[in-house]
Amino acid sequence: MDFNISDEVKLMQESVRDWFKRNLPLDKMREIDQKGHPMPKEVIEGLAGLGVIMGVIPEERGGQGLNWFKQAAIAEEIGYGDPTAACAAAFMAVMTGWGFTLDRYASEGIRRDFIRPAIAGKKFIGIATTEPGGGSDVAGFKSKAEKSGKNWILNGEKTFISGVEECKLWGGGYWVNVRTGPAPAGAAHKNMTSFFVPIDAPGVEMTECYRDAGRMAISTAGFTMTNVKVPDDYRLGEEGKGFYYTMEGFDNARILIGASSVGITQRVIDEAIPYIKERKTFGIPLAKNEGIQFELSDIYKEMEASRLMYQKTAWMQDIRYDEEGWLERKGKAKTFQPTDIAKWIAMLKWKAPALALHAAERAMLWLGAAGYTDEYPFQMAWRGVMSYVVGAEGGQNIQKIVIGRELLGNEFVPYK
Ligand SMILES: Cc1cc2nc3c(=O)[nH]c(=O)nc-3n(C[C@H](O)[C@H](O)[C@H](O)COP(=O)(O)OP(=O)(O)OC[C@H]3O[C@@H](n4cnc5c(N)ncnc54)[C@H](O)[C@@H]3O)c2cc1C
């Protein structure tokens, strides 16, 4: 494994940092955070212009042909640029993690009409697994689809979905899981099929947006599906295999969330250090106090460990796709089993956002009253990154279950 960041990636990272400095400096970020969603479209078009949204899609399908190692390094930079996590959350991590996975299982029509425009920042692609009945139990949902000639008729409801308002405004659609057969006892993941559902398909109705604690620039809402007709062409991969494709999508999105959380932590550190060096209490700089210095060192150590972790997961995923095929699954992963990669990704998803949350909280305390204001990005970061800790792309306990399953075996999974 080579830890060197290539010149190509360095250049992309620099252009991302420069873009954020010019287009989303802290005062603009604060303005967007206060105004709330929808995210201004030019933000996404600007990011797309840098080739960083779905850059990991192979060039022949309209992406940049990056690998996960490179895409994750860019994700870190996006987290650094936008510590509110709003840009990283839905527009980079969701569109890239799920868009890449979608592209592997989608028809040419979906690629042409939705994925390519989304790569250009013109449309939105999201994921809709969560239902009013719960989100952690990915196979425990109610939405269903029935075959009708060459079409499928979908009914159900999805909730707590990122980007629904933006998707409605700009066009696009969602990866949606539905049941296409009864859930066998003890094997609810069977008979689960994934579809792509355009947001403007007749019968899709957006539900009211939630008032979230953070990530204010992105909407979180839901939608109902009432007799929504989609062609068989909009089915992703094989009927009944949706659970496996969905796990792959989660893994890809979680790598990017882990990497962008490292970027958020780095930004918090970089914003806090000048203040604690400068500010004196009782005649000495804050930074001279062990109480603060040791906390900073601890966060820095954990951040470097998290960075190594996202690099390792991305490297493992690259080997997997080299073996399976990047465009579609042709071969089998040999070097690392996808479940083993998932264990590493779960450790990253558990660790990196929780660290960014902790760093933002400690920075507020180091700076005192100043840190609690919006003169600094800490409270926006704290509110934004909390979304990943609470549940976006899987709650913390779910990551622990994935790790436990790999350590102890399937028979020790708590919900079985
Ligand atoms: C800001 C935001 C954006 C989101 N965007 C999307 C999106 O775009 N698409 C989408 O599909 N979903 C989205 N979600 C939903 C997210 O996927 C869910 O929040 C997540 O899956 C958890 O589901 P839940 O919120 O229903 O919590 P529940 O499943 O009800 O769980 C509640 C709590 O219990 C814990 N828990 C659950 N089961 C167990 C267990 N067996 N053992 C121990 N603890 C357990 C969970 O970790 C959680 O802390 C988003 C969530 C947030 C906060």
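This is a predicted model: local features need pLDDT of at least 70, side-chain atom pairs count only at pLDDT 80 or more; totals for chains, interfaces and linings use all residues.

Residues are numbered from 1 along each chain as its sequence is written.

**Domains.** I looked up the domain assignment and found domain 1 (7-123), domain 2 (126-236) and domain 3 (247-412); such bounds come from an automatic or database assignment. I noted 19 Å between the C-alpha centres of domain 1 and domain 3. Domain 1 puts 31 residues into the contact and domain 3 puts in 34, where contact means C-beta atoms, placed from the backbone, within 7 Å.

On the domain 1 side, I found at least two residues each from helix 2 (26-35), helix 4 (68-81) and helix 5 (86-105). Helix 5 gives the most, with 12 residues. Helices (H or I, at least four residues) and strands (E, at least two) are DSSP runs, numbered from the N terminus. I sorted this side of domain 1 by class and got 19 nonpolar, 6 polar and 6 charged residues; Gly counts as polar, and Asp, Glu, Lys and Arg as charged, while Ala, Val, Leu, Ile, Met, Phe, Trp, Tyr, Cys and Pro are nonpolar.

**Ligand.** I counted 25 residues around the ligand, of which Gly135, Ser136, Gly391, Gly395 and Asn397 come nearest; the cut-off is a C-beta atom, placed from the backbone, within 6 Å. Strand 1 (124-128), strand 3 (151-162), helix 12 (378-390) and helix 13 (396-408) give two or more residues to this shell. The shell holds 9 nonpolar, 14 polar and 2 charged residues. I placed the ligand between domain 2 and domain 3, because both give residues to the shell.

Methods:
Two residues are in contact if their C-beta atoms, placed from the backbone, lie within 7 Å.
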